[in-house]
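The entries below follow the order in which I looked things up.

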Amino acid sequence: MARITSFEQYQEQYKKSVDNPEAFWAEQAEQFTWSKKWDKILNWNFTEPKIEWFAGGKLNITENCLDRHLPEKADQVAYYWEPNEPTEKAVQLTYKQLHEEVCKFANVLKKNGTKKGDRVCIYMPMVPELAIALLACARIGAVHSVVFGGFSASALSGRIQDCDCKIVVTSDGAYRGAKAIPIKAVADEALEICPGVEKVIVLNRTGSEINMVAGRDVLWEDEIKMVNADCPAEQMDAEDMLFILYTSGSTGKPKGVVHTCGGYMVYTHYTFENVFQYPSSGGVYWCTADIGWVTGHSYIVYAPLLAGATSVMFEGVPTYPDAGRFWQVIDKYKVNIFYTAPTAIRALEASGLGFVTPYKLDSLKVLGSVGEPINEEAWTWYHENIGKGKCPIVDTWWQTETGGILISPLAGITKTKPSFATLPLPGVQPILVDEKGNEITGNGVEGNLCIKFPWPSIIRTTYGDHERCRQNYFATYPNLYFTGDGCKRDEDGYYRITGRVDDVMNVSGHRIGTAEVESAINMHIDIVESAVVGYPHDIKGQGIYAYVICTNSKKDAETLRKEILAEVTKMIGPIAKPDKIQIVTGLPKTRSGKIMRRILRKVAEGELNNLGDTSTLLDPMVVEEIKAGAIK
């Protein structure tokens, strides 16, 4: 496969990928190890939907991540692991060591009853064993479902139940900044209502005291001693499930996005090498995401290993022990490519340049941004102070459902423009449509962003509910994949994502459904009804503004607010806590009972004089009350 090295070459590859997608993607797939070549490259329709790439092809993604590199890269570092505490000993794993650890833990999974096709829930901190557990599942054909370590017991149990997990892999605890988090205790609470779980494998991370359930719970350290490192890779069909990852939906119940082995492998690798221009001579790459999110799956675990790259994996947070931690780690490992979220950039910008200037940052060649559109001010700060004006910024747009990056500059090749994701990658065919689904052509336009042709790592289904997948992504506009995002295409044909057009908020780069937060708030005994919207937030991108109707409670407003925050933390996790809670006597509803969120959004954004037509409301006076009590 020819790496893209010039803008002209990008244009050529893009044209080829649209004119003859099957030949284009077959060429990208040829470089991998297949035990049997595919029968057909692509079979698809967006009505059912049914999408198959490389159908009939047999492979194992871990052979391509690990075994394939052993002849030449056995002693090359695959991961530098940097712990939460700078004083704790860091760890490095070579490709040979990582291969051995993955094979051993794959044997542990088998010893504990895991078979091909079984779902394994992984609820762990950012430690090397998290990546090892993912790869071990893939090695034996088990389907991993990683749940972010900050989610509550309620959120965890819902995800375990939804995909019928038999095995849970967790740890005693986690370190996050100055806090120690009792991971096992949260898992135990979740498992009280998950009778299908047969085994829990527990890693010792913090040395904290934990409850071990006899017959169910075993220690990672004990189990590893009983197995060897000989574990042949299970041969998978290209369309066999690789993993399930839950993402917030607008209906309140998270949906399990399903990705499969072959297409995901080919696409994530292609995007990694081209977007970041990872050099064939090697380099040190650092994605700061958590593996609990899709960015960690694709751009910490699978794509860098497929490319034979050296990565940094980080347990901590950007501001601990101080706001210079990211820059200290970059200098320590001589990081060349740095990929983080706008939320982190804004928080570090707010901390001041005093935390940046002690560090050289002269190893950096490429900067990346992920999770949400990056605002121009943060882009400029990042470019000037971290990249010293010399590092191209790849502002990447993609989703859990897309598996890999869809729209992004190619580092050093695409001319960048602050806050624009710029141009689609080869194989990606975006279009803008109006509310009725009519295509909006030309440049200097705005509409809803859809994709009209499948790329190899597109979502295949939502686990256990294919109709939900169809309704969510393929039913709004016939024969199109609807992203749920609004988008502008400027005079140069560059794309700029303007944000969600459905009831999903993007808080610190994490998608959170309004219905999910509302149902958590409504669990509070004093709350009759609530409505939640997103509003612009200086650090998080979007904050959460909640309007709540309460009964004749004798509690003061501050006590009520604290209890609501505790309820949301218990049901979902701290990530979903509202930033502002306004107590109201009513909500703006149409005569049919639908809440007019447009009005609530405007109030939350401070646009009190531009609410539009309120004449169709059942009680227009409610709006005046909400305006009067709005929280600035």
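I began with the term I would need: a residue counts as buried if its relative accessible area is under 20%. I also noted that the model is predicted.

Entry on burial. I looked up F326 and found a relative accessibility of 3%, so F326 is buried. W286 is buried as well, with a relative accessible area of 0%.

Entry on the pair. I then examined the rings of W286 and F326: their centres are 5.2 Å apart and their planes stand at 75°, so I recorded the pair as edge-to-face. W286 belongs to strand β16 and F326 to helix α12, so I noted a link between distant parts of the chain, 40 residues apart.

Entry on the sheet. I traced an open, mixed sheet of seven strands in the order β5-β4-β17-β16-β18-β19-β20. Its edge strands are β5 and β20, each of which pairs on one side only. From one strand to the next, I found an average twist of 20°. I saw that helix α11 packs on the sheet and touches β4, β16, β17 and β18. The direction of helix α11 makes about 160° with that of β16.

Entry on two neighbours. I looked up β4 and β17, which run parallel and are joined by four bridges. Y80 stands opposite V312 in β17.

Entry on other rings. I searched the whole structure and counted 42 aromatic pairs. One of them is the edge-to-face pair of W44 and F46, at 4.8 Å centre to centre and 70° between the planes. W44 is partly exposed at 31%, whereas F46 is buried at 2%.

Note on methods. Residues are numbered from 1 along each chain as its sequence is written. This is a predicted model: local features need pLDDT of at least 70, side-chain atom pairs count only at pLDDT 80 or more; totals for chains, interfaces and linings use all residues. Side-chain values use heavy atoms; hydrogens and water are left out. Two strands pair if DSSP finds at least two bridges between them. Helices (H or I, at least four residues) and strands (E, at least two) are DSSP runs, numbered from the N terminus. Axes are lines fitted to C-alpha atoms, for helices over the stretch in contact, and angles run from 0 to 180 degrees between N-to-C directions. Contact means heavy atoms within 4.5 Å. Rings of Phe, Tyr and Trp (its six-membered ring) pair if their centres lie within 6.5 Å; planes under 30 degrees apart count as stacked, over 60 as edge-to-face and the rest as tilted. Buried means under 20% relative accessible area, exposed over 50%, partly exposed in between (1.4 Å probe, protein chains only).
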